[in-house]
Amino acid sequence: MHIGRTAAIVTGGASGLGAATVEALAARGVTVFALDLPDSLGNAPAREGVHHIPTDVTDPAQVRAAVATAASSGVPLRTVVNCAGIAPSMRVLGKRGPHDLELFAKVVQVNLVGTFHVLTLASQAIAETAADEQGQRGVIVNTASIAAYEGQIGQAAYASSKGGVVGLTLPAARDLAQYGIRVCAIAPGIVETPMLATVSEEFRTQLAAGVPFPRRLARPDEYAQLVLSIVDHDYLNGETIRMDGALRMSPR
């Protein structure tokens, strides 16, 4: 699908995977609407063709308003990439007692329900655009994780939320096929993002050593490159693609 002179929405667009995706899409001539929390957007660099919209993906009204802004940009909304997410850690049963239920619900609310909010509301806007000569109207790429398959100790909430994103992908693709909208997901391995900024260099080296090949952490721009590949490849639909260097996570 050609995306020149079109619009895109990227959630979590202020940093990490989202910021790299915003940059890659903007380089293609796409008008990009980067959605993120206000505090995060305050640190995001200005870029031509990129519009920052303060948005909490767990708030349907805010998502609806952001989608409406993107849909009224003067070019068709064609691409949506869901990168917003959180990854707190807590054991099902730890030294301080059972897993906090509010924390579990929050992780699912942000990572899964937030993704669903954006997917459903954006797909409505995309469905109202004119299709191209192949009947295509858009592509939605969600972010899962290899934790959906091999969740580690302390990742019960995170793995559950990302497993939900994997489970959402195929039925969403089937639901939206009649509108010419494809849906895929990417399941990254360990990526060098701000989430890893708090750990030591020694620990990052240990993480990289566990990756079969290439023996390093993934880069956000590699995620963005895969997003563009999915957009470009018209026959990719309903699939979750692992981007992990053949890594299979150990229990801890």
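I'll start with a contact list. In helix α4, residues F104, V107, V108, N111, L112, T115, F116, L119 and S123 touch A156, A157, Y158, S160, S161, K162, G164, V165, L168, A172 and L176 of helix α6. Please keep in mind that this is a predicted model.

Now the geometry of that pair. Helix α4 covers residues 101-127 and helix α6 covers residues 156-176. Their axes are 8 Å apart, and the packing angle is about 20°. Angles under 35 degrees count as roughly parallel, so α4 is roughly parallel to α6. As for handedness, α4 and α6 make a right-handed crossing.

Next, helix α7, residues 201-209. Which residues of α7 are buried? They are R204, L207 and A208. Looking down the axis of α7, these buried residues fall within an arc of 100°, so they line one face of the helix.

On to the charged side chains. How many salt bridges does the structure hold? The count is seven, and I will go through some of them.

Take E150 and R242. Their side chains form a salt bridge, at 2.9 Å from N to O. E150 belongs to helix α5, residues 147-150, while R242 sits in strand β9, residues 240-243. The two are 92 residues apart in sequence, so the pair ties together separate parts of the chain. The cut-off for buried is under 20%.

Then R216 and E222. This salt bridge has an N to O distance of 2.6 Å. R216 is partly exposed, at 30% relative accessible area. E222 is buried, at 17%.

Another one joins R219 and D221, with the closest N and O atoms 2.9 Å apart. Here R219 has 38% relative accessibility, which makes R219 partly exposed. D221 is partly exposed as well, with a relative accessible area of 40%.

Salt bridges with shared partners link E150, R242, D244 and R248 into one network. So the E150 and R242 pair, which ties helix α5 to strand β9, has both of its residues in that network.

To recap: α4 and α6 pack at about 20° with a right-handed crossing, the buried residues of α7 line one face of that helix, and there are seven salt bridges in the structure. That is what I have for today.

Note on methods
Residues are numbered from 1 along each chain as its sequence is written. This is a predicted model: local features need pLDDT of at least 70, side-chain atom pairs count only at pLDDT 80 or more; totals for chains, interfaces and linings use all residues. Side-chain values use heavy atoms; hydrogens and water are left out. Buried means under 20% relative accessible area, exposed over 50%, partly exposed in between (1.4 Å probe, protein chains only). Helices (H or I, at least four residues) and strands (E, at least two) are DSSP runs, numbered from the N terminus. The arc is that of the directions from the helix axis to the C-beta atoms. A salt bridge is a side-chain nitrogen of Lys or Arg within 4 Å of a carboxyl oxygen of Asp or Glu. Axes are lines fitted to C-alpha atoms, for helices over the stretch in contact, and angles run from 0 to 180 degrees between N-to-C directions. Angles under 35 degrees count as roughly parallel, over 145 as roughly antiparallel, 65 to 115 as roughly perpendicular and the rest as oblique. A crossing is left-handed if the near helix is turned anticlockwise from the far one by less than a right angle, and right-handed if clockwise. Contact means heavy atoms within 4.5 Å.
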